Amino acid sequence: MSIQGIVESELARGVQEAKAESGTVIAVRPSTGEILAMASYPTYDPNNPSTAAPELVRNRAITDMYEPGSTFKLVTAASLLEEHLISPTDTVDGRGGALQILDYTVRDAHRMYRMTFSEAVDHSSNFVFAAQSSSISNDKFYKYVRDFGFGIVLGIDVPGEVRGIVKKPREFDHSTKTFMAFGYELAATALQIVNAYATVANGGVMMKPYVVQKVLDRNGDEVSVYEPQTIRRVIDEETAKKITAMLVGVVQRGTGTPAQVQGVT
């Protein structure tokens with residue numbers, strides 16, 4: 001079975017088991033930006049598109065926006081490490097996992113106190129990320145958010161991609177950066193999230209995502225061939241290695257242990 005076939009069947013099973021309304025999967029090769037598979041569920045029969053409801057035809061991976069939540073902590077961690085504002089072994093204080101911001105309280109799922117920054121990532125501490133965000137300026141944080149591909153189109157070669165929603169620094173209020181630090185007060189697409197993680201997996205270099213590798217004529221001869229394109233270096237290779245190690249810890253020791261796959265870090 002092809003990667004696309006596996007993705008479609010596993011996605012359908014996962015959505016049904018979770019009793020979710022919908023789901024999206026994107027498989028990308030980080031070193032090139034090649035989209036190896038892309039699927040949304042519920043889906044439709046492409047042989048009979050006229051019978052499909054409009055909401056089933058759209059490509060959710062690039063058209064649907066959502067608040068990414070804790071998956072966005074990758075960007076915050078990368079910005080703090082790249083600016084040398086914190087290291088994985090630095091000690092941070094979780095203060096019991098509750099931070100009051102005017103009328104809002106930022107909470108952790110578990111009470112956490114003194115720990116390393118790596119442990120805060122392991123256990124996805126909203127408090128620590130909210131508190132640490134104050135150490136980076138609005139302008140620099142916004143730069144990393146944009147450099148990681150949020151609030152802009154990535155230029156994938158299929159129609160319908162949206163840019164998402166990211167406030168500019170002049171639009172930040174007292175709480176914007178605090179909540180953005182753990183994935184709220186912005187909207188992203190699934191493609192933007194997976195491309196940000198692919199950037200870290202590729203040593204900090206972002207590649208342009210693409211679906212079409214080549215176009216052939218009716219005789220099988222090549223008409224066009226599309227080569228990988230580098231968009232930009234977002235973070236240093238050393239920073240990417242540190243973040244990768246921290247993300248491995250999430251699956252080995254932290255909140256992501258149900259996602260462990262034997263033999264795969």
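Predicted model: local features only at pLDDT ≥ 70, side-chain atom pairs only at ≥ 80, totals over all residues.

Residues are numbered from 1 along each chain as its sequence is written, and side-chain values use heavy atoms, with hydrogens and water left out.

**Whole chain.** Show the C-alpha trace: along its principal axes it spans about 65 × 45 × 40 Å. Switch to cartoon and you have 10 helices and 10 strands (DSSP runs, H or I of at least four residues for helices and E of at least two for strands, numbered from the N terminus). Now colour by burial: 43% of the 265 residues are buried (under 20% relative accessible area, with a 1.4 Å probe and protein chains only).

**Helices α4 and α7.** Next, select residues 73–82, which form α4, and residues 138–147, which form α7. They pack at an angle of about 125 degrees, with their axes 10 Å apart (axes are lines fitted to C-alpha atoms over the stretch in contact, and angles run from 0 to 180 degrees between N-to-C directions).

**The contact.** Which residues make the contact? Show V75, T76, S79 and E82 of α4, together with F141, Y144 and V145 of α7 (contact means heavy atoms within 4.5 Å).

Technical notes. Buried < 20%, exposed > 50% of the residue type's maximum accessible area, 1.4 Å probe, protein only.
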